[in-house]
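Work through the exercises below with the sequence and the structure at hand. Each task is followed by a solution in steps.

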Amino acid sequence: MTQTTTSPPKASDDGEASKRRGWGWLLLVPGMLWLAIFFLFPTVQLFFTSLYDPSGSYEQGYALTWHVANYVDAIKDTWNLFGRSFMYAGISTFVCLLLGYPLAYAIAFKAGRWKNVMLVLVIAPFFTSFLLRTLSWRAILADQGPVTSFLQTIAILPDDGRLLATPVAVIAGLIYNFLPFMTLPLYASLDKVDYRLIEAAGDLYSSPFTGFRKVTFPLSLPGVVSGTLLTFIPACGDYINAELLGTPKQYMVGNRIQAAFLTEHNYPLAASLSIILMLIVVLMVIVYVRKSGTEKLV
Amino acid sequence: MPASPSQFGLSRRKFIQGASLSALAIGGPGLLAACGTSGAKVDQSECTSSDSSSSEKEINFSNWIGYVDPVKAKDTSTLEKFEQQTGITVDYQNGDVNDNEQFYSKVSPQLQGCKSTGRDVFVLTDWMAARMIDLGWLQKLDHSKLPNVDANIIDFLKSPSWDPNRDYSVPWQSGMTGICYNSELTDPVTSFKELLTRPDLNGKIELLTEMRDTMLFLLLMQDSDPEDFTDDEFSAAIDKLQGYVDNGQVRRFAGNDYVDDMKSGDIVACEAWSGDVINLLGGGKYKWLPPEEGFALWTDNMLVPNKAEHKSNVEEMMNFYYDPVNAAKLSAWNYYFCPVAGAQEEIGQFDKSAVNSSYIFLDEKTLASGKSFMILDEKQNQSYQQQFNQVQGG
């Protein structure tokens, strides 16, 4: 599915292609314009902002002095937040994969006539705002709430233990909010798998597990890769879950960036933090996509 | 395999060349940022707006939650009464302001560029009002339209150092910052020291995201004077605060939303604004008290930003709220310190128990003992705010 949507229409033969010469460009224009205005322009701006002289201020104005030391300062104070962000995002992505894969598999192969209903159920949370859903988790996980008291009764949680305002709550929030982003690409690539290939594996005496390992899973890799990327990348920058479900001890790098922009008006710091986050994520993604050998698949 | 651009008769190189050229052309304006930013200050005289109050009978009013009495079935609210009396419609944005600095960030792109914020009046604390006056972001009020304000504003608030003639600001309400606790879930918490050190409160308290409110108490705890302290004293107070965050005593830093956590029982005590405890939490088991170390006294002010187009309407509303009867009705609901003289005589008709409320009518002695936070210059503000945020950000 990812392939068919991202590929431009193929010209059927070379003669026709040359006739269409002018058109290919035109088709690209809206997308390029969009990227230029909403991605390139802000990124360039952000980059310059990260090099402003930190001795300026919002009221007096900032001067561009190519102050590269901003990056050093940014890292020095916040490396632990970066570590925490990647750890939380990594755990959430992994759990999303564990939860999302069986779900997508069931929808693709076992749901029968319930397929559409199940797909709608996966998407259903999107009908309510992200913020409202996260806020309702606060009520569900509250110290005096039913979940906490049940866990206390069966002694999983100590009597003075709590769920809300812990790393567990923040990671659970991330998992909950990003699960659909994992499930849908997984479903899309599993749905395309030719079931006869799996049957053939069985005919050739492979155990169901070997069949899954050697046939189904490799064929679903594009979904795994795009699902993990769609989950991991936004989870790294998320700050709502940490803010609403966590405490200062669970804050992620997004919280620091938000505070630097909004309450300190320290634009150089906030911008250099954003650029660092972006660079690390891009690097990780490149390594990941290379390793999984799926450049051609996604 | 994805279709390559060559299928359109384009070589990859040409494609990349073209794409980067057009990207540069469109991304070019981004280079503007290369010049840095100009200051946020504007020349107020070049940023005037026409007043369309006479043709458009409306006001866009942004305020904190729990600050205006709600419409009830039997009784009109003060806003409703104002609307009926004047024919002006008030679009009241409850909670548009949740934190001074954040609200500042919200409106600064417009005000800095001399554009309308879409709001005719908003309510901010003294120090933020002072900053905005400095930046030239506010419209001068016409006192000939504010006879009630001039006649009835209490002496204590008549002439603050940052706006001696009340040219740009009119107090909405004043209040105190202190401690709120849930008496069903905990023993009384009478000092900030207790709030931050009692083991049974570990993970069950919150502090405010307002740096001045919170740090005032931390400074008091170490016997520094919050009205006159040094950078070192501030850093020492920050280190203390860091300790209380690290050992898990402070569950979270909250804006006005601390009331939700009090209600859910997730926290049993917190740093809180006086009136909220009555008007948002309903009093009862929720008690408010000034901590033993002292308490913070502040005023929130109605301000009219540049380019707001209904200034006369707003002035009419300011004047309305400085009528002692209306002021009494407002304070009888929100339980904040009332800036209007004569309201005490009127308040009995709305709420008998409010007549001698120490929340609403502060005697001279209390007023004198209230503390406020040192006036900070920009660099101090940024540095202190940054240190404070670093604690908040773990």
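**Exercise 1.** Leaving aside its neighbours within four places in sequence, with which residues is Ser224(B) in contact? Find also where Ser224(B) is placed and whether it is buried, partly exposed or exposed.

*Solution.* The model is a predicted one.
Step 1. Ser224(B) sits in the loop between helix H8 (211-221) and helix H9 (231-246) of chain B.
Step 2. Once neighbours within four places in sequence are set aside, the contacts of Ser224(B) are Leu219(B), Phe229(B), Glu233(B) and Ala237(B).
Step 3. Count the other C-beta atoms within 10 Å of Ser224(B): there are 19. A buried residue needs 20 or more, and an exposed one has 12 or fewer. Ser224(B) is therefore partly exposed.
Step 4. As a check on distance, take Ser224(B) and Lys158(B): 66 residues separate them in sequence, and their C-alpha atoms are 28 Å apart in space.

**Exercise 2.** Describe how chain B is divided into domains and how domain 1 of chain B touches domain 2 of chain B.

*Solution.*
Step 1. Domain 1 of chain B takes in 45-174 + 298-361, and domain 2 takes in 176-297 + 375-392.
Step 2. Between the C-alpha centres of the two domains of chain B the distance is 27 Å.
Step 3. On the domain 1 side of chain B, 15 residues are in contact with 14 residues of domain 2.
Step 4. The residues on that side of domain 1 of chain B are sorted into eight nonpolar, six polar and one charged.

**Exercise 3.** How many helices and strands does chain A have, and what percentage of its residues is buried?

*Solution.*
Step 1. Chain A has 13 helices and zero strands. Its pattern along the sequence is α-α-α-α-α-α-α-α-α-α-α-α-α.
Step 2. Along the principal axes, the C-alpha atoms of chain A fill a box of roughly 70 × 70 × 35 Å.
Step 3. Of the 298 residues in chain A, 35% are buried.
Step 4. Consider the contacts in chain A between residues at least 6 apart in sequence: 69% of these join residues at least 24 apart.

**Exercise 4.** At what angle do the axes of helix H8 (residues 167-192) and helix H10 (residues 208-237) of chain A cross, and which residues make the contact?

*Solution.*
Step 1. Two packed helices are described by the angle between their axes and the distance between the axes.
Step 2. For H8(A) and H10(A), the axes come within 7 Å and cross at roughly 160°. Angles over 145 degrees count as roughly antiparallel, so H8(A) is roughly antiparallel to H10(A).
Step 3. The crossing of H8(A) past H10(A) is right-handed.
Step 4. From H8(A), the residues in the contact include Phe178(A), Phe181(A), Met182(A) and Pro185(A). From H10(A), they include Gly223(A), Val224(A), Gly227(A) and Leu230(A).
Step 5. Sorted by type, the residues of this contact of H8(A) with H10(A) are 13 nonpolar, six polar and no charged.

**Exercise 5.** Repeat the analysis for H4(A) and H10(A): how do their axes cross, and which residues take part?

*Solution.*
Step 1. The axes of H4(A) and H10(A) come within 9 Å, and their crossing angle is roughly 145°.
Step 2. H4(A) and H10(A) form a right-handed crossing.
Step 3. H4(A) contributes, among others, Ser85(A), Phe86(A), Ala89(A) and Cys96(A). Among the residues from H10(A) are Val224(A), Gly227(A), Thr231(A) and Phe232(A).
Step 4. The contact of H4(A) with H10(A) divides into eight nonpolar, seven polar and no charged residues.

**Exercise 6.** Where do Trp66(A) and Ala155(A) lie, and what are their phi values?

*Solution.*
Step 1. Most residues other than glycine have a negative phi.
Step 2. Trp66(A) has a positive phi near 50°. Trp66(A) belongs to the loop between helix H3 (21-49) and helix H4 (69-110) of chain A. With 11 other C-beta atoms within 10 Å, Trp66(A) is exposed.
Step 3. Ala155(A) is not a glycine either, and its phi is positive, about 65°. Ala155(A) lies in the loop between H7 and H8 of chain A. Ala155(A) counts as exposed because it has 9 C-beta neighbours inside 10 Å.

**Exercise 7.** Is Gln152(A) buried, partly exposed or exposed?

*Solution.*
Step 1. Gln152(A) is in helix H7 (residues 146-153) of chain A.
Step 2. Gln152(A) has 17 C-beta neighbours inside 10 Å, so it counts as partly exposed.
Step 3. Beyond its neighbours within four places in sequence, Gln152(A) is in contact with Leu157(A), Asp159(A) and Gly161(A).

Notes:
Residues numbered from 1 in each chain as written. Chains lettered and ligands numbered in written order. Predicted model: local features only at pLDDT ≥ 70, side-chain atom pairs only at ≥ 80, totals over all residues. Domains from an automatic or database assignment. Contact = placed C-beta atoms within 7 Å. Nonpolar A, V, L, I, M, F, W, Y, C, P; charged D, E, K, R; others polar. Axes fitted to C-alpha atoms, helices over the stretch in contact; angles between N-to-C directions. Helix = DSSP H or I, 4+ residues; strand = E, 2+ residues; numbered from the N terminus. Parallel < 35°, antiparallel > 145°, perpendicular 65-115°, else oblique. Left-handed = near helix turned anticlockwise from the far one by under 90°.
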